[in-house]
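Please keep the model open while reading.

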Amino acid sequence: MSEKKSIKYGEREIFYDLQYLERKTMTIAVHPDGTVMVKVPIQTPFDKIETRLKKRSKWIAKHLDYFINFKPKVTPRQFISGETHLYLGRRYRLKIIIDNKEKVVATRGTIVVYIKYRDSDRIKNLVEKWYKEKADEHFAKSFNKCFEKFNKYNLKKPALKIRKMKKRWGSYSTKGTVTLNLELIKAPSECIDYVVTHELCHIKCKNHGAEFYKLLSKMMPEWEKNKKRLEKIFI
Ligand SMILES: [Zn+2]
């Protein structure tokens, strides 16, 4: 059982889930979906919990901001001629051409969809298949390039997976897999490199602690600029 509580941090109200458990210490965790989980030993007095949370509120707020911003903002699309779609950070206008041989080709500022008949679901499928092919190619290149920078650490190279993710641009599992959000193919190359580097840093540092940021800054000194750019994108 957990209780919903909140604490004030300046002007801001931070909500958290409080759980009393059979345990010895108190832990505070910020999850990527924006929830704050506070686990405390059963007999902990509430004022003690609040004091501890107040002390940690700056850290909690920082992590909440980090995760909240790290979420793709999606614009609904209709897959009709003239609509704009992103590819590697550039805007392309969609052009539909009726043709017996179905294919998708990107030329200067235009994504041309050759299709047997006009059907938005079919167009969507073709465009998404094209994005997937481009992502396979581009992400593998970025992954190899970024991993080279970690050479001196003698790390085992993780496997690379690509799929659609609602809440993250990427993730790292301790089983040794980096997963990238397919939608990242819509972001500029530097932003793709940033997400890849971020996930690769998790091989050495599991949490987003000071060590993590030290390593990230070493691997990509300009990471903050790329992160900010990524946050502004509406895919
Ligand atoms: Zn991370």
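The centres of domain 1 and domain 2, taken over C-alpha atoms, are 33 Å apart. Domain 1 covers 3-69 and domain 2 covers 84-232, with bounds from an automatic or database domain assignment. The model is predicted: local features need pLDDT of at least 70 and side-chain atom pairs pLDDT 80 or more, while totals for chains, interfaces and linings use all residues. Residue numbers start from 1 along each chain as its sequence is written.

An open sheet of four strands has the order β5-β6-β8-β7, with mixed pairing. β5 (84-87) and β7 are the edge strands, each pairing on one side only. From one strand to the next the twist averages 35°. Strands (E, at least two residues) and helices (H or I, at least four) are DSSP runs numbered from the N terminus; two strands pair if DSSP finds at least two bridges between them.

Two pairings involve β8 (residues 110-115):

| Pair | Sense | Bridges | A bridge in the pair |
|---|---|---|---|
| β7 and β8 | antiparallel | five bridges | valine 105 with valine 112 |
| β6 (residues 90-98) and β8 | parallel | six bridges | leucine 94 with isoleucine 111 |

β7 and β8 form a hairpin with two residues between them, and glycine 109 in the turn has a positive phi of about 70°. β7 (residues 103-107) lies largely in the open, because zero of its five residues are buried. Buried means 20 or more other C-beta atoms, placed from the backbone, within 10 Å of the residue's own; exposed means 12 or fewer, and partly exposed lies in between.

Technical notes
Axes fitted to C-alpha atoms, helices over the stretch in contact; angles between N-to-C directions.
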